[in-house]
Amino acid sequence: MGRSTESETPLIIIQDTSDALNTQLINHYLHHLETFLTLFGFCQNSFFSFTFSWVSFLLFGIALPLLIIQVSYCSNCENYQIKSFELQILVSQSLVAAISLICISHNFRKYGLRKFLFVDRYHGHVTQFRDEYIRKIKGFFHLLVVWVLPCFLLKAAREVSRIRYIDKDSWWQSAAIILGLLFSWTYLNIIFLSGSALFNLVCNLQIIHLENYGKLLERDLDVSEYITEHIRLNHNLSKISHRFRIFLLLEFLVVTASEFMALLQTTGNRGIINLINGGDFAVSCIVELVGIIICLHGAAKISHRAQALVSITSKWHALVTCNSSDNPSQVDISVTNGTNNEADITGGSIPVTYSENDLESVDFVPVPTNAQLASSLSLYHKRQAFVTYMESNLGGASVFGWRIDRTLVNTIFFIELSLVLFVLGKTITFTTK
């Protein structure tokens, strides 16, 4: 007994150490994510953090660029047109950033970071999906860098070109204007794109569980356990759709309205629209289109993964039925060749003659009992009911009942892309005048 205790204790210690290490790694990356979100005002858990977040937003996102626009442009010269354009662009950028800040901070305040991302250690999935969770969290920061950096360079090039067009008395004043505008623009657009990237992250974290569902079918479990797990996954997808529906709907509406505004401003203006006076329209439309693409990509991906479970379960049902001894067709054949033939022989209603080889083969065919037949048919009907349930419960992300699938994604994407291309065609022009 003493030896048995000594041999089991190290295994328990190793397992506890492994679980603690997994939890520590997840906490490390979640802490980095929470620090980043706190820095940009998404975590508003207290009155101080709430006040700091919105004061920073009003100061750096609205007051600073508004002051620079008022100071750097005169009202009776040629660049008054640029001032009018940039005021409208500032309204558009502030609205999409405010929507992102309000919706995401509300969910953080209500659920907390772990429950918001569905990375709760009490659900028992942290140890199993540790590496996948960490990779997806890293992908959040990678996604922001990939999209923010090129747009920032485009904005910086436009501001440098604009400041050369507007004559200033000193170079330091021009540099201060450029830095102030770039800082405010980066702050607003990181808030906007962070909301889109967080929605994409939540979808990617759930895709881990959807992809693992196929591996779950490889285990010899009862069909009711597969249904229970699918109900849990569908419940999580419904939570995601419910928490982000206002955010997605408002972002789609505001982005579309701002692009229509940009299109009307550029097409209805009688003067020459170029990169100097209308370049911010192009930059703003590109950033807003990027945010919409990030949201649509995450929603479409999770919808397609959820709907693909139907084909996976159908394939699983077919393979199990064909490769197992409880195939109903085999049962029917067994019944026909066994029970019914035996009845016919004893009853003598239908004369049957057997060759010697037939009689020898029949001797080695076990006649199934009623319990075996009932069990085989029961398993088959359970799997068939499971497939029917999957076909009738297609999961995925939705907005007030509208499923975000390939059709809706294509419609929204091409509408937004058409508007952006019209704006780009009006702003990025080369004239000889």
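# Reading a predicted model

Visitor: What share of the contacts in the protein comes from residues 24 or more positions apart?

Guide: A contact means heavy atoms within 4.5 Å. Among contacts with a separation of 6 or more, residues 24 or more positions apart account for 85%. This is a predicted model, in which local features need pLDDT of at least 70, side-chain atom pairs count only at pLDDT 80 or more, and totals for chains, interfaces and linings use all residues. Residues are numbered from 1 along each chain as its sequence is written, and side-chain values use heavy atoms, leaving out hydrogens and water.

Visitor: How many helices and strands are there?

Guide: Both are DSSP runs, numbered from the N terminus: helices are H or I, at least four residues; strands are E, at least two. The protein has eleven helices and two strands. From the N terminus, the order is α-α-α-α-α-α-α-α-α-α-β-β-α.

Visitor: Why does Leu250 count as partly exposed?

Guide: Buried means under 20% relative accessible area, exposed over 50%, partly exposed in between (1.4 Å probe, protein chains only). Leu250 counts as partly exposed because its relative accessibility is 34%. Leu250 sits in helix H6. Of the 433 residues in the protein, 43% are buried.

Visitor: What does the UniProt annotation "transmembrane region" cover?

Guide: UniProt positions follow the numbering used here, feature names are shortened, and annotations may be inferred rather than shown by experiment. The unreviewed entry gives several spans, including residues 89-108 and 177-202. Residues 89-108 are 100% helix and 0% strand, with end C-alpha atoms 29 Å apart. Residues 177-202 are also 100% helix and 0% strand; there the end C-alpha atoms are 38 Å apart.
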